[in-house]
Amino acid sequence: MHIIIIGSGIAGVSFAEKYRSFSAVDQITLITRENDGYYSRPLLSRGFSKNDIEQFIILKTFDKLRASGINIISGVEIKAINSSDKTVAINGSSREKSLQYDKLVLATGSSAFIPPPFRPYKDLFFCLNSLVDLKALRKFRLGITNQNRQPDWAIIGGGLIGCEVASDLAFSGDKVTLFHAMDRLMERQLVAEDSALLLEVLQNSGVKVLLNQDVKGFAKRKEKVCVKNGVTTEFDALIVSCGFKPRTELAELAGLEIGRGIKVNQYMQTSDESIYALGDVAELPNAKLYAFILPIRSQAHWLAGFIAGKEHDGWIPPVFTTKAKVHGFEAVHPYIV
Ligand SMILES: Cc1cc2nc3c(=O)[nH]c(=O)nc-3n(C[C@H](O)[C@H](O)[C@H](O)COP(=O)(O)OP(=O)(O)OC[C@H]3O[C@@H](n4cnc5c(N)ncnc54)[C@H](O)[C@@H]3O)c2cc1C
């Protein structure tokens with residue numbers, strides 16, 4: 001049997017490694033557009049306070065995964081899935097070919113969600129969703145710190161990632177203003193009392209937090225970028241951090257059933273029985289996306305067992321919690337997940 005996996009995040013890699021532990025003979029091919037290896041996405045939001053992050057963040061090199069019997073094709077993008085002849089079309093810089101699968105696992109993850117009003121300004125802001133994003137941000141920051149000054153950032157969005165990034169930049173000595181649309185921070189994950197505590201911790205670390213903000217757009221003014229929210233304020237750079245969007249485009253093109261994510265049944269199977277979806281991109285029958293490390297690893301291990309014939313009942317989400325990586329903040333109450 002040949003299993004093809006698209007994506008080298010925790011979903012794709014955990015599945016590949018677990019399946020290899022069950023089967024020494026089946027062919028496993030993992031295809032990814034990444035070049036840097038398998039890295040920890042949660043560590044992205046500590047990407048400014050750790051100097052050696054570009055090495056430290058790599059959990060496994062692709063060569064190490066190859067050595068464990070997983071065929072990795074990196075630096076290429078899957079452009080199409082042809083479910084009738086069970087092939088995927090690979091499009092890299094120097095090659096274009098198709099590969100045949102018996103089973104296909106979509107572990108394509110998520111990109112940063114950009115609210116529609118911000119889309120016309122996409123050249124004016126950064127996001128922090130991948131190692132490529134982090135490298136671009138670090139390069140920009142270095143350009144400013146090399147002039148012996150600390151950058152002045154605007155973070156748009158006071159959810160989990162926005163708060164973490166604001167915290168890490170302030171911790172690293174930068175000037176940070178956080179714009180949040182709601183009347184309290186991380187309102188989806190924290191009870192009001194913890195939001196208030198988080199606000200205090202961020203303010204004490206030097207972050208200027210602006211709540212109830214209606215950011216309408218951005219503008220370029222010489223070397224600076226501006227946030228327009230009734231008044232216009234200048235910054236060195238902006239980071240838009242307004243949530244995530246499952247990468248469903250390939251599945252949609254292939255005619256698979258899509259909701260917020262790729263719809264799967266309790267066996268992680270899409271509307272095509274040879275194609276599975278895992279991780280940030282998968283939407284379970286309860287309409288939930290389990291976009292956190294612990295349940296994703298659980299899904300991946302479960303699916304490996306299922307395809308290997310070791311699991312028979314459907315995947316059951318584990319009990320899990322999450323934690324904001326904000327310097328100096330500990331929530332008093334459990335997080336809402
Ligand atoms: C800044 C940040 C901090 C976070 N902190 C935490 C935390 O503290 N705790 C926690 O539990 N979760 C955290 N998360 C969420 C967690 O990291 C994600 O839920 C998880 O990494 C998703 O894994 P995944 O494998 O589904 O997708 P991804 O990690 O997104 O991997 C998808 C892979 O597929 C590749 N790909 C996509 N489309 C194609 C294609 N067409 N062809 C080839 N390759 C393709 C991508 O390049 C990528 O390598 C954080 C996320 C971010 C961004």
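Tutor: The following account concerns helix α4. The model is predicted, so that local features need pLDDT of at least 70 and side-chain atom pairs count only at pLDDT 80 or more, while totals for chains, interfaces and linings use all residues. Residues are numbered from 1 along each chain as its sequence is written.

Helix α4 comprises the 15 residues 131-145; helices (H or I, at least four residues) and strands (E, at least two) are DSSP runs, numbered from the N terminus. At 1.5 Å a residue, α4 should span 21 Å, and its end C-alpha atoms are 20 Å apart, which agrees. The expected span is 1.5 Å times one less than the number of residues.

The buried residues of α4 are Leu-131, Leu-134, Leu-137 and Arg-141. They cover an arc of only 120 degrees around the axis, which puts them on the same side of α4; the arc is that of the directions from the helix axis to the C-beta atoms. An α-helix has 3.6 residues a turn, so residues three or four places apart point the same way. A residue counts as buried if 20 or more other C-beta atoms lie within 10 Å of its own, as exposed if 12 or fewer do, and as partly exposed in between, with C-beta atoms placed from the backbone.

The buried residues of α4 pack against β3 (38-39), where contact requires C-beta atoms, placed from the backbone, to lie within 7 Å. On the face turned away from this buried side, α4 carries the exposed residues Val-132, Lys-139 and Gly-143.

Note on methods:
Two residues are in contact if their C-beta atoms, placed from the backbone, lie within 7 Å.
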